[in-house]
Amino acid sequence: MNRFFVKDKTFYKTALMLAWPIVLQNMITIGVNIMDTVMLGSYGEVQLSGSSLANEFINIFHILCMGMGCGAAVLTSQFWGRKDSASIKHAVTIMMRICLLMATLFALATAFFPSFIMDIFTDDLEVIEKGRIYFLWSIPTYFLMGISLTLTLILRSVRKVIVPLITSIVSFFVNIFFNWVFIFGNLGAPEMQIAGAALGTLIARVVEAAIIGIYVFKIDKDIGYRVRDLFGSCGGLLRTYLKYSFPVFVSDGMLALGNSMLSVIMGNISTEYVAANAIVATIVRLSTVFTQGLGQASSVMTGNTLGKGDKETAYRQGVTFVTLSFLIGCVASGIILVLSPAIIGMYNIEQETRDIAFQLMYAVSVMVIFQSAQSVLTKGVLRGGGDTKFLMVADVLFLWVASVPLGALCGLVWYAAPFITYIALKIDWIIKTIICVCRLRSRKWIRIV
């Protein structure tokens, strides 16, 4: 088995070079989310739940953007490996057109049906009203998020990771500052509470999109993409783009809907459960930042390697990346167990919510190991290898056939303990880990565009 691991130090240096800015960028983003929940948490569970559930819908668009960006990156990483900049431009053009169309649809839905959307997630009228307020301030963020997120993923696919990192650092301070100003009414501003959280995030999104947009459309010379390219021909790439990118889009889209369905289940258990999960969800993201960085690095490096036609090296890299993901998952599990009391103690919540949060933390400490492995496999190695159709089936099937029905039964019918319910809601992580490890070993995932 040892012969399947990469021993070249250059491999690890490259992986670290690609992963650490992504890790730091994700930690900054999560830091903003933690500050948002802590600030709003001082006003109680209702505002925290309203913000959390509104963001569940916004997160659907976020995941769709990830699907669009990662789908395009499957192609651009291989095009970069063989120095085909013209095809990279064509892939970006198709991605941007789809992104702006989706942003328009989500903005219209949020503008005209905010209460209806919130009603899907919860029947608590106070939470629905707070979520409606959050929604109405968040409408422009779809366009801003779409531009910055998809272009960030393209930059990463061609090994440009520093500009997105700098953007996140600037966005972090902007978001924290304006949240402090508008949530609590500092520096003479009105005390807007949940609306202030939405406004602070909106301002940060403006800054984010401006920095990324100016760099890609004006400064970058390696890709050389300009605004005029958005209106140009796609060079006959549409068919190839749809072949490899559409399954990613569908996969991430159905994952987004499935995760929202899990939030609907949680929302119907109790407001306290929603508030506890809002705390835990942030910790899950924090505990998996290293895995996410590793996953995106593995996708880029696998795509670049296959772009050069080297299948054997791509396989050995895949085995190494997955092994590293298991190790990182185990470390993350230990950190969660150690830090849980301090993290939960940061929030001004009722004892019932606190007890639920502790049970969920213990469940997360188990599931994070599987989350780490399946994330690197599905969003990294296998996706970078172009095995997008298989991943579409795996992502959709196990979430909707296993996690959603089992989670609903545990939470709403059997009234199982929060620990058991959370594991049931995330059972697809375990299944996908097993299935995708088998897929990795089969080598059927290796596809050259």
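Me: At what angle do helix H14 and H15 pack, and how far apart are their axes?

Reply: This is a predicted model. Helix H14 (residues 388–413) and H15 pack at about 165°, and their axes lie 7 Å apart.

Me: Why are H14 and H15 called roughly antiparallel?

Reply: Angles over 145 degrees count as roughly antiparallel. The angle here is about 165°. H14 and H15 are therefore roughly antiparallel to each other. The crossing of H14 past H15 is left-handed.

Me: Which residues make the contact?

Reply: H14 supplies Ser403, Leu406, Gly407, Cys410 and Gly411. H15 supplies Ile420, Thr421, Ala424 and Leu425. By class, that is 5 nonpolar, 4 polar and no charged residues. Gly counts as polar in this scheme.

Me: What makes H15 (residues 418–425) mostly covered?

Reply: Buried means under 20% relative accessible area. In H15, 6 of its 8 residues are buried. They are Pro418, Thr421, Tyr422, Ile423, Ala424 and Leu425.

Me: Which residues touch the most other members of the largest nonpolar core?

Reply: Met95 and Tyr142, in a core of 65 residues. Helix H2 (residues 45–81) gives the most to this core, with 16 residues.

Me: What does Tyr142 touch, leaving out residues up to four places away in sequence?

Reply: Contact means heavy atoms within 4.5 Å. Tyr142 touches Phe57, Ile58, Phe61, Ala103, Phe106, Ala107, Thr110 and Phe135.

Me: Which residues does the second, separate core include?

Reply: That core has 30 residues, among them Met266, Val280, Ala332 and Ala363.

How values were computed: Residues numbered from 1 in each chain as written. Predicted model: local features only at pLDDT ≥ 70, side-chain atom pairs only at ≥ 80, totals over all residues. Heavy atoms only, no water. Core = buried A, V, L, I, M, F, W, Y, C linked by side-chain atoms within 4.5 Å. Buried < 20%, exposed > 50% of the residue type's maximum accessible area, 1.4 Å probe, protein only. Helix = DSSP H or I, 4+ residues; strand = E, 2+ residues; numbered from the N terminus. Axes fitted to C-alpha atoms, helices over the stretch in contact; angles between N-to-C directions. Parallel < 35°, antiparallel > 145°, perpendicular 65-115°, else oblique. Left-handed = near helix turned anticlockwise from the far one by under 90°.
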